[in-house]
Amino acid sequence: MKIVIAGGFGVGKTTAVSAISEIKPLTTEAAITSVATGVDRTGHVPAKTTTTVALDFGCITIDEEIKLYLFGTPGQDRFGFMWQDIVNGALGALVIVDTRRMDDCYPAVDYFEKAGLPFVVAVNMFDGALAHQLDDIRWALAVGEDVPIITFDARQKLSVRDALLAVLHNTFNRARAAAGAP
């Protein structure tokens, strides 16, 4: 099963894939050039020296029958043309949010809403602190109650696992509701 991990620049997509993948993740990290520094907002992530230019890929086995293939999207708008190919065939998505830069996640939220792909919003707990209440984040993103909003730490394997489980639960609950099942 394919899960997409999306969000803005520097929110923790590559970190999340790397934290949970049972294989060495395929990453397409490239050095941030002087040209990109003028485009990519690095103010809240000044130590960031690389950026994803295509995708990240990892996988995790759930059981003998289920394996999750994780595809991390690039976070910059200029790589948006690749999203359709990355999202094609996905079961659901995890949209990672950095509350210091909420506007960076709007394109991902909009994309999945328009595509009708179930998604979960995961607030990355930078510095272990929640800067805003989850209800305030829901309001700022203008997402309904049917979109779960959770907190997680992209560096922690178990936290990423729980976020991916939230995506699976949300996807299966939406499928059941669409089929008219209780």
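1. Residues are numbered from 1 along each chain as its sequence is written, and side-chain values use heavy atoms, with hydrogens and water left out.

2. The protein averages a pLDDT (the predictor's confidence in each residue, from 0 to 100) of 84, and 80% of the residues score at least 70. Confidence is lowest in helix α2 (residues 34–37), with a mean of 50, and highest in strand β7 (residues 119–124), at 97. Where pLDDT is low, the predicted coordinates should not be read in detail.

3. The protein has six helices and eight strands, taken as DSSP runs (H or I, at least four residues, for helices; E, at least two, for strands) and numbered from the N terminus. Along the sequence they follow the pattern β-α-β-α-β-β-β-α-β-α-β-α-β-α.

4. Of the 182 residues, 47% count as buried, meaning under 20% relative accessible area with a 1.4 Å probe and protein chains only.

5. Helix α6 (residues 157–179) has 23 residues and should span 33 Å at 1.5 Å a residue, which agrees with its end C-alpha atoms being 33 Å apart; the expected span is 1.5 Å times one less than the number of residues. Just after α6, Gly180 takes a positive phi of about 80 degrees.

6. Among the buried residues of α6 are Val160, Leu164, Val167 and Leu168, and the cover over its buried residues includes β1 (2–7), α1 (13–20) and β7.

Technical notes. Buried < 20%, exposed > 50% of the residue type's maximum accessible area, 1.4 Å probe, protein only. Contact = heavy atoms within 4.5 Å.
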